[in-house]
There are 2 protein chains.
Amino acid sequence: MRRIRLTVAYDGTNYVGWQVQPNGVSIEEILNRELSRMLKEKITVIGASRTDSGVHARGNICVFDTESRIPGDKFKFAINESLPPDIVVQESEEVPPDYHPRKVRSIKTYEYRILNRVLPDPLERLNSYFFYYPLDVEKMRKAAEVVVGEHDFKSFCNIRASVKTTVRTVYSLTIEKTGDMITLRIVGNGFLYNMVRIIVGTLVKIGCGLWPLSKMQEALDACDRSAAGPTAPAKGLTLISIVEQDQGAAEEETDE
Amino acid sequence: MRRIRLTVAYDGTNYVGWQVQPNGVSIEEILNRELSRMLKEKITVIGASRTDSGVHARGNICVFDTESRIPGDKFKFAINESLPPDIVVQESEEVPPDYHPRKVRSIKTYEYRILNRVLPDPLERLNSYFFYYPLDVEKMRKAAEVVVGEHDFKSFCNIRASVKTTVRTVYSLTIEKTGDMITLRIVGNGFLYNMVRIIVGTLVKIGCGLWPLSKMQEALDACDRSAAGPTAPAKGLTLISIVEQDQGAAEEETDE
């Protein structure tokens, strides 16, 4: 039995998210179905990050076990032949049999795109959040500084599964503006459920002037979900990459 | 009776093109239907550029006549309420009753995006042409110089409607590369049917080394469609803008 790791990119628009759900088609389900068909054995992938419905990825990671003798780096070409065009495996390689993508310390990078203009752009509608009121990017950058570092992010977490701790480390949160598009890039050692989207929702409240700058620190200190802003829409969010550090040291499973 | 001009942006993925066709839904059809419904009179728009199936636009132009008293600049907000999210009117204004969008001299700008990497990117699949073999951008730039200026572009035109002349002026053709994405930007006084896509198809043949650099001049000189490259896929093409110069001086209707 060999264990194969895939790096998967997808447009989340037409899916209920990574994980199998009763109400629609998931990324995981498509991968299980097409890998099983191709390899003629029952394949069950294990994903590193269970992205929500509508969230995109450039580099989510998953593993599966197989009896196949296809070389690790060739799997990507074989499987891409039968995947739909909105899911493309970017890398494949053989990993040790005890490797588990949710039990490894890693650095995750997410991007969130906000289209800040008077009218929506149909060509950007599927992977950005259209926001009408002008946003003060400089103010958003100042508020973003507050979340960088090790903090209890309890205020920035929607309840789903129980987690042992809500402490996470954000290594950086940068905000760039090109034309009408504001791109937030956040790097951390793990993210709680909806954490990136709630941080963005809070920054937007501050950036459009509805909330003062001080609200970010207050929200963080409160350790109470109601102190933070709304959960920004899924379609603006993309999981960019998961860079693994070392095996066996992750505190727990993480989610976005 | 008043004449209103709209600047329309759309994602062409789900349409048969600008013009009404028997085999599917067109942009024109959606605009006619929703404007007629909103204004409670029969509305027929006239478009400046009849983009092909799958081609996108940030700034196509159309006009229609109406008895409505809605101020010109307010039409965009009213009509956007009932348009699908892949069609968004960006500007609206009242124009003189004799204004005709295909009988006015204008400068048209198109962009063509080529994703040049080993594997497709699902997040770029709807508005770029995925091309596997490495492209030599410097060589493509040199070949691009050949088409700049006033030329007979007969070799770069698929037959559709008869045109009085196949002479057009290309003001500029620039090629930029950012990461894996190559963006061609072409500005001209009008484009023949599929002209931009055939120029791109020829540049790609040269850029990947299948054709020598000299082939661009030969193709132009031949005045024969078979001397040029294939028509590049529609989804990479976006009509960026139509900037009008003056009324009543256009030679004829133009197309892409």
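**Figure 1. N194(A) lies in the loop between β9 (181-188) and α4 of chain A.** This is a predicted model. The phi angle of N194(A) is near 70°. That value is positive, and N194(A) is a residue other than glycine. Most residues other than glycine have a negative phi. Is N194(A) buried or exposed? N194(A) counts as buried, because 24 C-beta neighbours lie inside 10 Å. The cut-off for burial is 20 or more.

**Figure 2. K40(A) sits in the loop between α1 and β2 (46-47) of chain A.** K40(A) is not a glycine, yet its phi is positive, at about 55°. K40(A) has 9 C-beta neighbours inside 10 Å, so it counts as exposed. A count of 12 or fewer is what places a residue in that class.

**Figure 3. L35(A) is part of helix α1 (residues 27-39) of chain A.** L35(A) has 26 other C-beta atoms within 10 Å and is therefore buried. Which residues does L35(A) contact, leaving aside its neighbours within four places in sequence? The partners are I43(A), F64(A) and I79(A). A78(A) is 43 residues away from L35(A) along the chain. The C-alpha atoms of L35(A) and A78(A) are separated by 9.3 Å.

**Figure 4. Helix α3 (residues 137-147) of chain A packs with helix α5 (residues 215-222) of chain A.** The packing angle is about 20°, and the axes are 9 Å apart. So α3(A) is roughly parallel to α5(A). The crossing of α3(A) and α5(A) is right-handed. From α3(A), the contact uses A143(A), V146(A) and V147(A). From α5(A), it uses M216(A), Q217(A) and L220(A). By class, the contact of α3(A) with α5(A) has 5 nonpolar residues, 1 polar and no charged.

**Figure 5. α3(A) also crosses helix α4 (residues 195-207) of chain A.** The axes of α3(A) and α4(A) come within 9 Å. Their crossing angle is roughly 140°. The two helices, α3(A) and α4(A), are therefore oblique to each other. The α3(A)–α4(A) crossing is right-handed. Which residues of α3(A) and α4(A) meet? In α3(A) they are V137(A), K139(A), M140(A), A143(A), A144(A) and V147(A). In α4(A) they are I199(A), L203(A), I206(A) and G207(A). This contact of α3(A) with α4(A) divides into 8 nonpolar, 1 polar and 1 charged residues. A143(A) and V147(A) in α3(A) meet residues of α4(A), and A143(A) and V147(A) also meet residues of α5(A).

**Figure 6. In chain B, helix α3 (residues 137-147) packs with helix α5 (residues 215-222).** The angle is about 20°, with the axes of the two helices 9 Å apart. That makes α3(B) roughly parallel to α5(B). Angles under 35 degrees count as roughly parallel. The crossing of α3(B) and α5(B) is right-handed. α3(B) brings A143(B), V146(B) and V147(B) to the contact. These meet M216(B), Q217(B) and L220(B) in α5(B). The residues of the contact of α3(B) with α5(B) are 5 nonpolar, 1 polar and no charged.

**Figure 7. Q21(B) is in the loop between β1 and α1 (27-39) of chain B.** Is Q21(B) buried, exposed or partly exposed? Q21(B) counts as partly exposed, because 14 C-beta neighbours lie inside 10 Å. Not counting residues up to four places away in sequence, Q21(B) touches V16(B) and S26(B). Q21(B) and D121(B) are 100 residues apart in sequence. In space, Q21(B) and D121(B) are 31 Å apart, C-alpha to C-alpha.

**Figure 8. Chain B meets chain A, with 18 residues of chain B in contact with 18 residues of chain A.** On the side of chain B that touches chain A, β1 (2-10), β3 (56-66) and β4 (87-95) of chain B each supply at least two residues. The largest share, 3 residues, comes from β4(B). By class, the side of chain B that touches chain A has 9 nonpolar, 4 polar and 5 charged residues. Of the interface residues of chain B, 100% are also interface residues in chain A, so the copies meet through the same surface.

**Figure 9. Chain B superposes on chain A by a rotation of 180°.** The shift along the rotation axis is 0.0 Å. The RMSD of the superposition is 0.0 Å.

Note on methods:
Residues are numbered from 1 along each chain as its sequence is written. Chains are lettered from A and ligands numbered from 1 in the order in which they are written. This is a predicted model: local features need pLDDT of at least 70, side-chain atom pairs count only at pLDDT 80 or more; totals for chains, interfaces and linings use all residues. Axes are lines fitted to C-alpha atoms, for helices over the stretch in contact, and angles run from 0 to 180 degrees between N-to-C directions. Helices (H or I, at least four residues) and strands (E, at least two) are DSSP runs, numbered from the N terminus. Angles under 35 degrees count as roughly parallel, over 145 as roughly antiparallel, 65 to 115 as roughly perpendicular and the rest as oblique. A crossing is left-handed if the near helix is turned anticlockwise from the far one by less than a right angle, and right-handed if clockwise. Two residues are in contact if their C-beta atoms, placed from the backbone, lie within 7 Å. Ala, Val, Leu, Ile, Met, Phe, Trp, Tyr, Cys and Pro count as nonpolar, Asp, Glu, Lys and Arg as charged, and the others, Gly among them, as polar. Copies are superposed by least squares on the C-alpha atoms of residues with pLDDT of at least 70 in both.
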